[in-house]
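Thanks, everyone. Let's get the structure up and walk through it together.

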Amino acid sequence: MANPRALVHALYTHWDTVELLVRLAREFAVLTSDQVLNGIAKVSGQRDAETQGAVLRALVNADILQALPRSSDWQLNAYVLEFVRGLTREHELGLAAVLQARVVAIREATEALHEGMLGADMDRVRGAAHKLAELFRQISLQLDQDRHALFELAENAKSADSSMPISQRYREVLEAYDHYVEPMNQMMDSGPQGTFYRYLEDAERALDQALEQLSVQGVLYSHRLQLRQVAHQAKELRRFGRLVAQQCADTLLPLREELRQHNALTSAISLLLGQVRKRGLRRALSRPADGAALPVWRNERGFKLQLGDEVRTVMAAARHYQPQAVAFPQDEPGDDAPLLEQVDEAAIRAHLARSLPVDNLLDWLRRHYAHLQDATLLRLFHDLQHEPGWQFEAASQPEATTLQTIRVLHHPHRVSIRQ
């Protein structure tokens, strides 16, 4: 077993080399001596073989690199590999079954907490609370690691060579969605089929009830503080789980839909539509110069079309159709009054100025200018209210005034000279 201090010091001294080897371990489970030496030379620059060998011996002595039995190859220490991947966000995507097993373990720990409270066994209560806290920590850590692993899968798929087939580029994305995101969504469903939120709610409720009961009975403050802290972890894990599930679905679902939409048929249709847009329909569908015809749909089974009697009747009537002359309304003489009526507004304003004060402006207009249209009277009624030299006062009670064709309900306006 390696000395922890020596291992940590070697990590500090050769961190760049260890980080490169950890990235390389994602592609090769076992590293050869040449791969390790090339990685050391790549990080340390132009060093001689003796210096590279010294770095290799330091990594081996610190137990960062472990020799495989019956071989000259090397592998990274599992604890070092997990530690460095956690710090550099280089984790592999975990298993949904592991997450589901930990969620099921929450229910078992909650049942143990209930039994401890019923039997007044504080040791069992503390043990169940500690187990819940450890499960919450492991689930939160796995969710965070899996989230970054899914983000990296999506980034690798987007940044891959565009000339590669899209099914090959997005293969890992589809596998991650089918084997991880879908089971996680089913587990985190808020309905009766989901287990994540239901078990967390049961654990949170059991912790709150235990805390309340112990507060009434009176126990050590450290015991109550432990239960309160674990209850806070349960609440935070519910929020974090919902956030991670939403982020994973938002990241992978668009790529999955893009793969479904970009198959061979849609690619051929897009190519054909682009040629039609650039060259026109006739030139795009004609045979190219190299003799290769564009792929088109064809039906091996021939079929025959026949017109029905109703269609024949309609077509015969259409062939003997004779247009009929129709006189439009504007061509026919009419007796309608013009829409706009010309009036001498200056004379009306002078007449109103001589008649001031007037108690009801609209009645005054109807009484002296009854020959005008209703629309003209209403227009004059509104325009005269904006005269700057007159003062208008509206009555509080409405009255009805009958014009030629309509009846107007309005507040009478009294007109007088502005003081």
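Let's start with a question: which residues does F196 touch, not counting residues up to four places away in sequence? They are V103, I139, L143, M187, M188, L237, R238 and G241. Keep in mind that this is a predicted model.

Now zoom out to the core around it. F196 belongs to the largest nonpolar core, which has 50 residues. I106, L132, F136, L143, M184 and F196 touch the most other members. Which elements give two or more residues to this core? They are α6 (96-118), α7 (122-159), α9 (171-187), α10 (196-217) and α11 (221-261). Helix α7 gives the most, with 13 residues. Some background: nonpolar side chains in soluble globular proteins tend to be buried together.

Next, helix α2, residues 15-24. Its buried residues are T17, V18, L20, L21 and V22. What covers them? The cover includes helices α1 (4-13), α3 (33-44), α4 (49-61) and α5 (78-88). Strands β1 (65-67) and β2 (74-76) are part of that cover too.

Last stop, the surface. L307, V311 and M315 form a nonpolar patch there. Together they have about 250 Å² of accessible area. M315 sits in helix α14, residues 309-319. Is M315 buried, partly exposed or exposed? Its relative accessibility is 44%, so M315 counts as partly exposed. The cut-offs are under 20% for buried and over 50% for exposed.

Notes
Residues numbered from 1 in each chain as written. Predicted model: local features only at pLDDT ≥ 70, side-chain atom pairs only at ≥ 80, totals over all residues. Heavy atoms only, no water. Patch = residues over 30% accessible without salt bridge, like charges linked within 9 Å, V, L, I, M, F, W, Y side chains within 5 Å. Areas by Shrake-Rupley, 256 points an atom, 1.4 Å probe, with all protein chains shown as cover. Salt bridge = Lys/Arg side-chain N within 4 Å of Asp/Glu carboxyl O. Helix = DSSP H or I, 4+ residues; strand = E, 2+ residues; numbered from the N terminus. Buried < 20%, exposed > 50% of the residue type's maximum accessible area, 1.4 Å probe, protein only. Core = buried A, V, L, I, M, F, W, Y, C linked by side-chain atoms within 4.5 Å. Contact = heavy atoms within 4.5 Å.
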